[in-house]
Every structure is written in C-alpha cells, then in structure tokens.
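Please open the structure in a viewer and keep the selection panel at hand.

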Amino acid sequence: MIGEKLESMLDGSPVFEPGTVWLVGAGPGDPGYLTVNALRALQQADTILHDALIDDRILELARPEAAKIYSGKRAGEHSIDRDALCARMVDLARSGQRVLRLKGGDPMIFGRGGEEILKLAEAGIPFRIVPGVTAGLAAMAVATIPATQRDVNRAVVLATGHAASDADETDWAALAGLGQPLVLYMALRRLDRIAGELIAGGMGRETPLAVISSATRSDEDILVSTLGTVSEDRKRHPIEPPAVVVIGEIVTMRERLLRIAPAFAGALA
Ligand SMILES: C[S@@+](CC[C@H](N)C(=O)[O-])C[C@H]1O[C@@H](n2cnc3c(N)ncnc32)[C@H](O)[C@@H]1O
C-alpha cells in the first residue's frame, strides 16, 4: 500500500540513466535511515562502489545482478587511491553502466564526495548527488540531544578531528571562542589533544560532552562526560569508533529529559 502510493508520488523523480554516476548517502548504519531516493537508486544501479561502514543489509537491497565493489580503505592503508577509484567510475559510466557510489552518512559531509564529483565533471560524466542522513545529526538524535535549541545555541559546527599533519590542524581556539556546540567526526583517536586545545582556547573544563558510538547500529553506545574529565571517563567506559563527539551546553538536554521522564531511561541508555 505505502509502496504503491509512494511510487505514484515519485513519478517525475530523476531517473538513473545509463552512463551516469550517482553519489548516494547511505545514512548512519541502520537501513531505516536510508532515503527513498537512495533505495530507488540501489534498485536501479548496475555497479555499486561502496565504502566501509555500509551495513550488509543495505547492500542486499541492490538488484541481485548488480556488481558490488568494496572501495574503502583496506587494513594498513592510510587512504584509498582516489584517482584510481574515480578512473574506474569514469570507465564504468563510459561503458554505459548506472554507477552508484555509496557512502556512509551524507556523501558531501567529510565523505570526500566533492573531490570525486570534480573528477567526474572533468571527465564529462553526468552525476547526481543524493544526500543522506549524516552521522552527526543521527548521533545527536539517538542520544536525545537537539542540534539546535532556542535559548541555547544559534549555530552548530560540524568539524573533523582528523588532521593529516600539524599544518592541517583545526584552529580549536577559534572554535572554542564561538560558544556554539561542536559536533566532531573522526575525533576519537585525538580527543584528549582536542579537549586540551579547546580548554586552552577558553572552553570551560565543565563543558558537557557526549561521545556517541555506532549510532543507530546494534552496538550503539553513549558516554556522557565533560571536556575536563572525558580522558578519565573513557578509561572507565571504553568507547569504540565510529563515533561522534558533541561538545556544548546542548548535551544537558539529554539529562534534563531523563530527569523529567525517568521512564525514558531504558530508551536513552
Ligand atoms: C569519513 S567520515 C564520514 C562521514 C559521513 N559522510 C557522514 O555524513 O556521516 C567517518 C566518521 O563519521 C562518523 N560516523 C559514521 N558513522 C557513524 C555512526 N553510525 N555513529 C557514530 N559516528 C559515525 C565517525 O566520526 C566516523 O569516524
């Protein structure tokens, strides 16, 4: 019933033409966070080049005859050979295939989608971007932390904690000075250093912080702490990547909700 209604509503939606590449966001993990457009793309693609962190159940939604090519980092590699990957997408599209580049979360948020569409454009390959639910927003939702809340924040900063070199380091003091919540991707490994730099930049040690690991997946885990104590708290409560770190007063909403409605504790824990 819903399927038929939806199909009729989607008449006129973009068609996945042969010879094109679609960069599609798969969301944070659980297949329930796929968009309808992502599902439709999966059902039409001839070849799917997918990153790590894509749930097998999502790949099972593809046509059985579709080729699925793992295109993420392999153990021991610092990065994937993006030029080779883009060249492969170009070749596949030129051979008349519908090529689906499937990335975790949203393809344009810390997903290097921009680099890939530049290469496609240079090669004259038509492409389309299908946005996905980004891990930062999904992680806040599962932890019951609003991204914005009137009287608390007027902006929210999505930042990466990854730095390829010292020259590539984020200006943490500048972000500390904004007084707005920070949502950090790829920050777990360097969290002690980042916390130290935010404190040095003027953020209070008592600033609330949440680490949300594997949001929407069966091994989801949440640690609530503060900027000054997260290093110790992680020894007590080890938490694994992939994880998003949320820093700011907005994190207290989770505890406020728990106090108002302790019955939510099961759902929130
Ligand atoms: C290379 S970035 C890709 C982000 C992705 N494009 C997005 O929009 O979510 C990978 C990082 O996303 C975050 N991440 C991805 N999936 C996650 C999940 N299910 N729970 C928590 N963090 C996640 C982690 O910070 C991880 O290190």
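Please bear in mind that the model is predicted.

Select the ligand and display the protein surface around it. The space that the ligand takes is the largest pocket.

**The shell.** Next, select the residues around the ligand, of which there are 17. Asp-106, Ile-109, Thr-134, Ala-135 and Ala-243 come nearest. Colour the shell by residue class: eleven of its residues are nonpolar, four are polar and two are charged. Then colour by domain: domain 1 (2-133) and domain 2 (136-268) each supply at least three residues to the shell.

Show Thr-134 with its side chain, in which an N or O atom lies 2.6 Å from an oxygen atom of the ligand. Turn to the backbone of Pro-28, where a polar atom is 2.9 Å from a nitrogen atom of the ligand. At Ala-215, a backbone N or O atom is 2.8 Å from a ligand nitrogen atom. The ligand taken alone exposes 580 Å², and the protein buries 86% of that area.

**A cis peptide bond.** Select Pro-241 and Pro-242; the peptide bond from Pro-241 to Pro-242 is cis, with omega near 0°. Pro-242 belongs to the loop between helix H9 (230-236) and strand E10 (243-247).

**A positive phi.** Finally, select the loop between helix H6 (135-142) and strand E6 (157-160), which contains Asp-151. What is the phi of Asp-151? Asp-151 has a positive value of about 75°, although the residue is not a glycine.

Note on methods:
Residues numbered from 1 in each chain as written. Predicted model: local features only at pLDDT ≥ 70, side-chain atom pairs only at ≥ 80, totals over all residues. Heavy atoms only, no water. Near = heavy atom within 4 Å. Polar contact = N/O pair within 3.5 Å; in protein donor to acceptor, adjacent residues only side chain to side chain. Areas by Shrake-Rupley, 256 points an atom, 1.4 Å probe, with all protein chains shown as cover. 1 Å grid on protein atoms, 1.4 Å probe; cavity = no way out; pocket = protein on both sides within 12 Å on 5 of 7 lines; lining within 4 Å. Sits in = over half its atoms within 2 Å of the grid points. Nonpolar A, V, L, I, M, F, W, Y, C, P; charged D, E, K, R; others polar. Domains from an automatic or database assignment. Helix = DSSP H or I, 4+ residues; strand = E, 2+ residues; numbered from the N terminus.
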